[in-house]
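Here is a brief report on one protein model. It covers charged pairs and the nonpolar core.

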Amino acid sequence: MPGYRSLIWLSALFDEIKPRIIFTCADTNLLVSHYALENPEIHVIYLQNALRDTIGSMPRSIHLPTYLAMGTVEAKIFNSLSIPCRDYRPIGSVKLGIALAQFNEPEKAIFDLCFISHYRSELFSRDAPAHFRKIEHAHYRLFKNLIDYASAQNLSLAVASKTREFDLQNTELDYFRSIAGEFDFQFIRGDKSAHEFDTYRAGLASDLVVDLSSTLGFELLAAGTKVLFGASQEPHLLTQWGIEHYFDTLPDAVKLKSSSKEEFFITCDQIRQMSNTQYENLTADP
């Protein structure tokens with residue numbers, strides 16, 4: 001349950017403001033959830049801002065009011081966790097919509113390949129859970145296979161940063177350089193102000209995006225960009241990570257079955273050789 005004092009403070013604040021509608025992008029917030037439960041006459045709206053898993057991203061005791069979801073998968077996740085939702089509405093990604101509105105002029109591909117970073121410092125902690133180590137291991141191998149593929153094919157590559165603080169991004173860049181060796185790639189820094197959508201732009205302007213399993217990867221898939229997902233290369237990782245519902249929606253042609261370099265090369269070639277129409281037909285349902 002949310003902290004009693006925090007709940008009292010939040011209730012007092014809302015009682016002072018007297019809102020008719022409460023809108024939040026903090027879609028895992030227990031305090032607002034509890035307030036909505038106690039005050040059904042106030043329209044409380046949650047906007048999903050990232051993928052949600054079945055392991056730890058959603059508090060089990062949360063009660064969702066109106067939930068504006070990215071898609072239909074989240075309903076299956078909530079149902080599997082027995083999380084009630086008063087009004088579920090799949091509307092797509094609002095952030096992607098803003099990005100597409102900014103980049104409404106179709107661009108020629110700037111990069112042949114784009115890798116979406118899943119770098120997080122906590123993946124390297126000595127106390128990291130076992131599945132964190134598997135995530136980092138899969139992430140490393142996916143990027144290494146991509147470097148080998150780009151080198152063999154003489155292709156340009158962008159890496160879209162995960163971190164948003166400049167100092168952390170320098171550490172993140174060093175991590176990728178240690179894997180890439182002599183291969184030269186462009187590191188795309190995003191932040192929470194002027195460059196909020198730079199990583200979207202890099203993905204949208206790439207011929208093929210390679211992604212372990214990120215919100216941005218699924219958003220780019222929704223926008224019609226060719227994406228290859230790699231978390232499925234590691235046996236049992238999807239269930240340990242709690243993201244199997246998302247991967248269940250994907251056709252086999254856009255997700256890896258192993259960490260084999262040979263499979264990676266073949267799959268990249270097959271996706272890149274597809275026409276845009278073929279790819280859009282293949283991924284229409286997800």
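## A pair at Arg89

Arg89 is partly exposed, at 43% relative accessible area. This is a predicted model. The side chain of Arg89 meets that of Asp87 in a salt bridge, 2.8 Å from N to O. Asp87 is also partly exposed, with a relative accessible area of 22%.

## Salt bridges involving helix H5

The whole structure holds 7 salt bridges. One of them joins Glu234 and Arg141, at 2.7 Å from N to O. Glu234 sits in the loop between strand S9 (227-229) and helix H9 (237-241), and Arg141 sits in helix H5, so this pair ties together parts 93 residues apart in sequence. Glu234 is buried, with a relative accessible area of 12%. Arg141 is partly exposed, at 24%.

Another salt bridge links Asp148 to Lys144, with the closest N and O atoms 3.0 Å apart. Both residues lie in helix H5, 4 residues apart, or about one turn of the helix. Asp148 is buried at 17% relative accessible area, while Lys144 is partly exposed at 30%. Shared partners join Lys144, Asp148 and Lys261 into one salt-bridge network.

## The nonpolar core

The largest nonpolar core has 81 residues. Those touching the most other members are Phe115, Phe143, Leu157, Phe176, Phe185, Phe247 and Phe264. Helix H5 (residues 130-153) supplies the largest share of this core, 8 residues.

Which residues does Phe264 contact, leaving aside neighbours within four places in sequence? They are Leu142, Asn145, Leu146, Tyr149, Val210, Leu228 and Leu256.

Conventions. Residues numbered from 1 in each chain as written. Predicted model: local features only at pLDDT ≥ 70, side-chain atom pairs only at ≥ 80, totals over all residues. Heavy atoms only, no water. Core = buried A, V, L, I, M, F, W, Y, C linked by side-chain atoms within 4.5 Å. Buried < 20%, exposed > 50% of the residue type's maximum accessible area, 1.4 Å probe, protein only. Helix = DSSP H or I, 4+ residues; strand = E, 2+ residues; numbered from the N terminus. Contact = heavy atoms within 4.5 Å. Salt bridge = Lys/Arg side-chain N within 4 Å of Asp/Glu carboxyl O.
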